[in-house]
Amino acid sequence: MDFLQQMNLTDFTIYDLFNVKGVEEYIDAYPLMASPVPSSIVIAIYLYFIYKYGPSYMEYRKPYNLRWIIAGYNIFQVVACGYLVLNYIKVGFEFNFIGRCTPKLPVTEYEHGLDAVYYGWLAMCLRMIEFIETVFFVLRKKQNQVSTLHVYHHISTFLIVWWSLKLSLSYQEMSIMVLNSIVHMIMYSYYFLSSFKPCQPFTNRIKPIITIIQLAQLVTMLVHVYAALQPSCAANKTIYTLHAINLVILISLFTNFYIQTYVRKARKMKQN
C-alpha cells in the first residue's frame, strides 16, 4: 500500500492510467505531462522505427549523408544543455546540492519554483529529442550501433525524467539534471569535433576518457540517489529506488562497454 500511495496509485483503475495526477498540478499543464500515454506512444513509435520500419526502409537504399545535419544537431545539444545548466543555477541550484538531501517544499514555496518546473520539463523534452540519434544510425545504415546500451540508455533516461517530474518534482532532481547536462555538453562537443578529420587524432585519443566521464557521472548520481533514499530525506522513495536500479544497470552496461571496447581491444593489439 505504501508503494501505491507514493506513486499516487491507490484504488488504481484503467481510467487512472490515462489520468495519473502529478504530485503538483503545475506539471500536469505541460505538453506530454497530463498522462503517460503520449510518452508511451512516442517510445513505441521510436522502437518500431529503429527495429522494424527503418531497417526495412533502408534495406535497398544507400546510406544517407547526414554529416552536416548531425554536426548541427551536436551544436544544438551543447547550446541547449548549457542553457539548462545556466538557468538551473539562476533558479537556485548550487553545486553543493550534489550528494545531499535537498529539503522538499511545495513548488510555490521556492523563490523560483515555477521556473524550475519549466526547465525540468525542457530537460525532459531534450531527452526525448535525443531519440533522433538512433534514427540517424538507421538512416546511415549503422544498425550495429543500435545497441542494447544505446537504446536502453535513451529510453530509461527519458522515462526516469518523466516520472520524476510527474511524481517527485523537487530540487533533489535538479542535481541529476545539471550533472547530466554538463556531461552532455562534453559528449556532444566531442561528437562535433570527431566529425572533422583534422580533429580525429585528438578525439580518438580521448574517446576512452569520454566513457570514463560518463561512468563517473553515473556513480556520482548514485551517491546523490543514496542520499535521497535515507529515511531522514523527504524525497519520493519509489522514484529514487527506480533511479538507483536504473543507475546500477547503466553502470554495468557502460563498464562492460568500456572493457569490451578498450581494455580487451588493447590487450589484443599488444598480443598481435
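Rings of Phe, Tyr and Trp pair if their centres lie within 6.5 Å. The model used in these exercises is predicted.

**Exercise 1.** Name the residues that form one aromatic cluster.

*Solution.* The cluster consists of Tyr30, Tyr83, Tyr118, Tyr119 and Trp121. Across the whole structure, a search finds 22 aromatic pairs.

**Exercise 2.** Classify the ring pair of tyrosine 53 and tyrosine 57.

*Solution.* Step one: the centres are 6.0 Å apart. Planes under 30 degrees apart count as stacked. Step three: both residues lie in helix H4, 4 residues apart, about one turn of the helix. Tyrosine 57 also has the charged end of arginine 61 over its ring, 3.8 Å from the centre.

**Exercise 3.** Find the 2 salt bridges and state whether their residues are buried or exposed.

*Solution.* Step one: lysine 166 meets aspartate 28 at 2.5 Å, N to O. Lysine 166 is in helix H8 and aspartate 28 in helix H3, so the pair ties together parts 138 residues apart in sequence. Both residues are buried. Step two: arginine 127 bridges to glutamate 130, with the closest N and O atoms 3.0 Å apart. Arginine 127 is buried at 2% relative accessibility, and glutamate 130 is buried at 4%.

Technical notes:
Residues numbered from 1 in each chain as written. Predicted model: local features only at pLDDT ≥ 70, side-chain atom pairs only at ≥ 80, totals over all residues. Heavy atoms only, no water. Salt bridge = Lys/Arg side-chain N within 4 Å of Asp/Glu carboxyl O. Helix = DSSP H or I, 4+ residues; strand = E, 2+ residues; numbered from the N terminus. Buried < 20%, exposed > 50% of the residue type's maximum accessible area, 1.4 Å probe, protein only. Phe/Tyr/Trp six-rings, centres within 6.5 Å; stacked < 30°, edge-to-face > 60°. Lys NZ or Arg CZ within 6 Å of the ring centre and 35° of its normal.
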